[in-house]
Amino acid sequence: MDEENKEISETFLELAKNELKIESIDKEVEQYKIRKMESVYNERDTLIEKIPSFWKIVLSQHLDFANYIRASDFKYIDAIDKITVKYASDIEKIGSFSITFHFNEIKDDFPAQIISKNFKLMKNVPDQKKSGQDNEEENTEETKFDEIELEEKLTSEISDVQWPKEYNSINPDLIKDKKSPEGKKSYRQGMKSFFGWFRWTGLKPGKEFPHGDSLATLLSEDLYPYCVKYYTEAQRDFADEDSYSDDTSEEGIDLSEEEQDNEEPAKKKIHTS
């Protein structure tokens, strides 16, 4: 290795160490925020419980959330009475969190239950084969830098859930023959349902709930922290719709100007000889 390449390699290592310092500070800042916000979130959760259908309104009106949910799932989304998120505050566990859902009963179909799902970050280590001792020695410095720069990915554990009876035909635990065409189809449908998300681990790409990590991030970083904002916006939209409905029902819609606009160009096309 010539002097120039050696200097560049050493610089990369110094940059890697600097990145670790930045990451450490970021975690300390996040830790401070989590600990300061914990009691505030707890207070807010208690206040929200006094508002009927709070989470039903927030979830049903959030367009991004709707992108992850099948139409048939909203019957059960509406049964969610409470959602809480707990963020890990230990410096070594920053980025980990748990989401807890409180479901109301749907008679003869779905039992009331509380379901928690835990998430944690882990290093996403690529599966690379060593190509020989010589090559390994040449890339030692770069390898050290790469190890420091490894991306983290969100993972989870399977949560215990009592599925709705209406979903018995697509409940993965009740499908006896998962290898038959019909069994495979039913299994895929079940894994794509909201209840399939509780089985998501992040370790079986293509075989689990699609984009399960994105849904978890949406809930923990957007829906839960800003739920009051979304509820307020939804209420404002409802009020605007009611106001518009009252105006149009009492006064009617004046179409005279629109009709004149439509008629005017037509008159210009008339020619007399």
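Residues were classed by relative accessible area as buried (under 20%), exposed (over 50%) or partly exposed (in between), with a 1.4 Å probe and protein chains only. The structure is a predicted model, in which local features need pLDDT of at least 70 and side-chain atom pairs count only at pLDDT 80 or more, whereas totals for chains, interfaces and linings use all residues. Residues are numbered from 1 along each chain as its sequence is written, and side-chain values use heavy atoms, with hydrogens and water left out.

The secondary structure comprises 11 helices and 4 strands, taken as DSSP runs numbered from the N terminus (helices: H or I, at least four residues; strands: E, at least two). Of the 273 residues of the protein, 32% are buried. The protein exposes about 18,900 Å², of which carbon and sulfur atoms supply 48%; accessible areas were computed by the Shrake-Rupley method with a 1.4 Å probe, and for residues only the protein chains shown count as cover. Among contacts (heavy atoms within 4.5 Å) with a separation of 6 or more, 65% link residues 24 or more positions apart.

Strand β2 (residues 97-103) is largely enclosed by the rest of the structure, because 6 of its 7 residues are buried. Strand pairing requires that DSSP find at least two bridges between the strands. Strand β2 pairs with β1 (residues 80-87) in the antiparallel sense over 7 bridges, and Lys 86 has Ser 98 of β2 as its bridge partner. Another 7 bridges join β2 to β3 (residues 113-123), again antiparallel; here Phe 103 is bridged to Gln 113 of β3.

Met 122 also belongs to strand β3 and is partly exposed, at 33% relative accessibility. The C-alpha atoms of Met 122 and Glu 152 are 5.2 Å apart, although 30 residues separate the two in sequence. Beyond its neighbours within four places in sequence, Met 122 contacts Glu 151, Glu 152, Lys 153, Thr 155 and Leu 203.

A nonpolar core was defined as a set of buried Ala, Val, Leu, Ile, Met, Phe, Trp, Tyr and Cys residues joined through side-chain atoms within 4.5 Å. The largest such core has 45 residues, and those with the most contacts inside it include Trp 55, Ile 99, Phe 101 and Phe 103.

Ile 8 is located in helix α1 (residues 3-48) and is partly exposed, with a relative accessible area of 40%.

In total, 7 salt bridges were counted, each a side-chain nitrogen of Lys or Arg within 4 Å of a carboxyl oxygen of Asp or Glu. Lys 17 and Glu 14 form one of them (3.7 Å, N to O); being 3 residues apart in helix α1, these residues are separated by about one helical turn. Glu 23 and Lys 27 form another (3.6 Å, N to O), with a spacing of 4 residues in helix α1, also about one helical turn. Arg 70 and Asp 73 are likewise bridged (3.8 Å, N to O); Arg 70 is partly exposed at 26%, whereas Asp 73 is buried at 1%. Salt bridges with shared partners also join Lys 75, Asp 109 and Glu 166 into one network.
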